[in-house]
Amino acid sequence: MEIYVVKRGDTIDSIADSYGIPVSSIIFNNQLVYPYALAVGQALLITVQDKALPSYPAFVNGYAYPFIEQNTLNETLPFLSSLSVFSYGFTTEGDLIPPTPDDSFMISSALSYGVRPVLTLTPFGADGNFNSYLITSVVNSKDARSNLLSDLLATLQEKGFWGVDIDFEYIRPEDRVSFADFVADVRNFLSPYGYHVSVALVPKTSDSQAGLLYEGMDYRLLGQAADSVLLMTYEWGYTYGPPMAVAPINQVRQVVDYAITRIAPSKIDLGIPNYGYDWILPYVRGSSKAKTVSNLEAVRLAIDAGVPILFDETAMSPYFQYEKDGQLHEVWFEDVRSYREKFSLLPLYFLRGLGYWQIMNFFRPNWLLLENTFVIQ
């Protein structure tokens, strides 16, 4: 496949003619909507003849909430190795709390496509946020740990899960070793039953990185404790932060450069964002709040506003500004160019695979490019 960047005066007919391909192919690949307007700077995925078959093997995981639309799930599953159900919680006593709504349809759908369903374990408090006290209570209590392990095994066996993904954030620095021991305990307990245990890691670039988000995560210990890890290489641009790329490639590479010095590359999955953000300008720290947009929605905003999509060559990410109701907006999102840059890191660093946060919106160009790049395991 090739990537074509729209120029002024282009139409889907002129682009199709230049490649000698049907217009319908461009429409399908890029989920274009009638009357098929384009934005200058928009990246299109073009199917050409005589494509080379991919050779690099990759595990591909996608996170999803139990309120995902069935059609979106069905369209995405053919491109996944595993599906992480987000998420199961627990009490301070180690009692497992299932998600709402019920996740049974996700598990059965995954299994019907030959995709491995994964139970995602998170320490969410009553307010829906990561709770440091809840983490402390369980990782430092033998009884709570034992209870949680028993509940996990029973649920995995009852529901047909393939493994557990441990996604804990804001771990207290004093719980750094206890948390790694907890991950090791989960793996040691579940391995005899054939279950895979992974752990999600916040994007660190050094052992000494300061901040509550980072100090409780020891890459070396957690890499040893789990079967595989996910580097959460996204959210540089985030809801309450200033406008910037969600996953700038220069920042992503710094995380990978550090991670491979602490963890075997064959255990590492690279985090991939499937969304963007729309900020109202000027950005005011402490009060500004960006709106999450899908990648398709971002392109449509540019088309409706009649503005060009620009591309940052350092972040390797698309962005643009537009005006609405007298307010200036700035949007950063992902397209096939930014995904291609991230995909290139797997063979470069010999990484295990990819993990998508999240698959709630179907973005076909990404999945077609991925299928053209990797042999999905």
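Predicted model: local features only at pLDDT ≥ 70, side-chain atom pairs only at ≥ 80, totals over all residues.
Residues are numbered from 1 along each chain as its sequence is written, and side-chain values use heavy atoms, with hydrogens and water left out.

Helix 11 lies across strands 11, 12, 14 and 15 and runs at about 100 degrees to strand 12. Helices (H or I, at least four residues) and strands (E, at least two) are DSSP runs numbered from the N terminus; contact means heavy atoms within 4.5 Å. Axes are lines fitted to C-alpha atoms, for helices over the stretch in contact, with angles from 0 to 180 degrees between N-to-C directions.

| Element | Residues |
|---|---|
| Helix 11 | 295-305 |
| Strand 11 | 276-281 |
| Strand 15 | 327-332 |

The open sheet has five strands in the order 12-11-15-14-13, with antiparallel pairing (two strands pair if DSSP finds at least two bridges between them). Strand 12 (291-293) and strand 13 (310-312) are at the edges with a single partner strand each, so one side of each has no neighbour in the sheet. On average, neighbouring strands are turned by 30 degrees against each other, direction ignored. Three antiparallel bridges link strand 13 to strand 14 (residues 317-324); Phe311 has Pro318 of strand 14 as its bridge partner.

Glu334 sits in the loop between strand 15 and helix 12 (336-343). Beyond its neighbours within four places in sequence, Glu334 contacts residues including Tyr275, Asn295, Pro318 and Lys342.
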